[in-house]
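Visitor: Can you walk me through this one? I'd like to begin with how the chains meet.

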Amino acid sequence: MTSVSLAGMLWPPLGVLGEGADWPPKRSLAQERSGFEFQSADTQALQLDDFANPGLLWVDRGKALWEKPSATDAPSCEGCHESAASSMAGAATRYPRHDAAAGGLINLTQRINRCRTEQQRQPELGYESYAMLALTALVAHQSKGLPFAVRIDGRNRPHFERGRAYFQQRRGQMNLACRHCHEQHAGRMMRGERLSQGHSNGYPTYRLEWQGLGSLHRRLRFCNQAIRAEPFDYGSAEYLDLELFLAWRAADLPIETPAVRR
Amino acid sequence: MTPTRIAMPDEIRAGQPFEVKTLITHPMETGRRPDPLGNPIPQNLITRFTCRLDGILAFEAALDTGVAANPYIAFLVSAERSGTLEFEWHGQHGFNVRETRAIRVV
């Protein structure tokens, strides 16, 4: 894939990742503010409504899938993990994490798919499919109110460094880096849109523009397209590295899944 | 299976209006949007929503292209005695979803 090798060239080679003045890393924002604070009162009210938040339709669906007997003689999700409400509390805060079998980072969605193929011996679910979003939303919802607790040291460190570099790297025809919109100009208007700090604490998120639930990677692809850069694939190594950096960056914010955004 | 969410008070007082809230998964395609390749996406709408209390129509709504995806409908109903609320979403392409909920008047 061309995009992968191209991106590889842009990043700092591993040699420059030694102990330096920038480790442990410091957050560059004076204060982290959730994307929630940048929404209109109506959108905020929709998210806070325990009934009308449309993202909860996916959580409900996820719960039904969780309890549904597997098509093979393998157990359902519930068969091993019992109630998601108790067993999955806090699970989403630890992803993305290093996975020996994958030889790199995997995120929550990929972890669920792993369970599905290895334990349930079922075909993988599409990354952005309804069922996958529903299960991811169900599991992430059990961490609502908790902060992220990802590891950035050890084997995760090179991934973190690459994610951090991605955030700083100008790209696309607009020649913009993540930080330009989401740090330098956060809170200011970009035409009709108020720029948020670009935190990842509400995913999967219900976006009114999508009229549906979408993953963080879908949002990142949208961001890349908006600055006219080539988007990476769902679940790509580039986005996983960035996801790790974003989780670390949002660590002071509680998880809101399912968040509602414009 | 089409996910729906229905909420209402657990206990209802006779003759006192109570709020019923409903939410359903549906794309509510207007038929005026192109897909990424430029082909029109066919119209796909819920056109009618009804709520019956023991078979008697209590609330009805006609939905059209102006309603966003995953329609949220909230309304007031009053009941004199315990019974069953029956909800029905009726739409294009044979879409039909039915849900029932018992209400308890105290």
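Guide: First a term: two residues are in contact when heavy atoms of theirs lie within 4.5 Å. Also keep in mind that this is a predicted model.

Visitor: Fine. How many residues of chain B are in contact with chain A?

Guide: On the chain B side there are 16 residues, and they are in contact with 15 residues of chain A.

Visitor: And what area is buried between them?

Guide: About 1200 Å² is buried between chain B and chain A, and carbon and sulfur atoms give 61% of that. As background, the size of an interface is often given as the accessible area lost when the parts come together.

Visitor: How many salt bridges cross that interface?

Guide: The rule finds one salt bridge between chain B and chain A. Arg5(B) forms a salt bridge with Asp60(A), with the closest N and O atoms 2.7 Å apart. There are also five residue pairs in polar contact across the interface of chain B and chain A, both residues being at pLDDT 80 or more.

Visitor: Which strands of chain B are on the side that touches chain A?

Guide: Strand 1 (4-7) and strand 2 (18-24) of chain B each supply at least two residues to that side. Sorted by class, the side of chain B that touches chain A has ten nonpolar, four polar and two charged residues.

Visitor: Is Asp252(A) buried or exposed?

Guide: Asp252(A) is exposed, at 53% relative accessible area.

Visitor: What about Arg114(A), which residue does it form a salt bridge with?

Guide: Arg114(A) pairs with Asp99(A), with 2.7 Å between the closest N and O atoms. Arg114(A) is in helix 6 (residues 108-118) and Asp99(A) in strand 1 (residues 97-99) of chain A, 15 residues apart.

Visitor: Buried or exposed, that Arg114(A)?

Guide: Arg114(A) is at 18% relative accessibility, and buried means under 20%, so Arg114(A) counts as buried. Asp99(A) counts as buried too, at 14%.

Visitor: New topic. Which residues touch the most other members in the largest nonpolar core?

Guide: They are Trp58(A), Trp66(A), Leu108(A) and Val139(A), in a core of 30 residues. Helix 3 (55-67), helix 6 and helix 7 (130-141) of chain A each supply at least two residues of this core. Helix 7 of chain A gives the most, with eight residues. In general, nonpolar side chains tend to be buried together in soluble globular proteins.

Visitor: What is Leu108(A) in contact with?

Guide: Leaving aside neighbours within four places in sequence, Leu108(A) is in contact with Ala92(A), Tyr95(A), Thr136(A), Val139(A) and Ala140(A). Apart from that core lies another, of 25 residues, among them Ile12(B), Ile46(B), Leu53(B) and Trp89(B).

Visitor: Now the backbone. Where are there cis peptide bonds?

Guide: The bond from Tyr203(A) to Pro204(A) is cis, with omega near -5 degrees. Pro204(A) is in the loop between strand 4 (193-194) and strand 5 (205-207) of chain A. Another cis bond joins Thr257(A) and Pro258(A), with omega about -5 degrees. Pro258(A) is in the loop between helix 11 and strand 7 of chain A.

Visitor: And what is phi of Arg228(A)?

Guide: Phi of Arg228(A) is near 60 degrees, a positive value in a residue other than glycine. Arg228(A) sits in the loop between helix 10 (216-226) and helix 11 of chain A, and is exposed, with a relative accessible area of 53%.

Visitor: Where is Asp54(B), then?

Guide: Asp54(B) is in the loop between strand 3 (46-53) and strand 4 (56-62) of chain B. Its phi is positive as well, near 50 degrees, and Asp54(B) counts as partly exposed, at 45% relative accessibility.

Terms used
Residues are numbered from 1 along each chain as its sequence is written. Chains are lettered from A and ligands numbered from 1 in the order in which they are written. This is a predicted model: local features need pLDDT of at least 70, side-chain atom pairs count only at pLDDT 80 or more; totals for chains, interfaces and linings use all residues. Side-chain values use heavy atoms; hydrogens and water are left out. Buried means under 20% relative accessible area, exposed over 50%, partly exposed in between (1.4 Å probe, protein chains only). A salt bridge is a side-chain nitrogen of Lys or Arg within 4 Å of a carboxyl oxygen of Asp or Glu. Helices (H or I, at least four residues) and strands (E, at least two) are DSSP runs, numbered from the N terminus. Buried area is the accessible area (1.4 Å probe) that two parts lose on being put together, summed over both. A polar contact is a pair of N or O atoms within 3.5 Å; within protein, one must be able to donate a hydrogen and the other to accept it, and residues adjacent in sequence count only if both atoms are side-chain atoms. Ala, Val, Leu, Ile, Met, Phe, Trp, Tyr, Cys and Pro count as nonpolar, Asp, Glu, Lys and Arg as charged, and the others, Gly among them, as polar. A nonpolar core is a set of buried Ala, Val, Leu, Ile, Met, Phe, Trp, Tyr and Cys residues joined through side-chain atoms within 4.5 Å.
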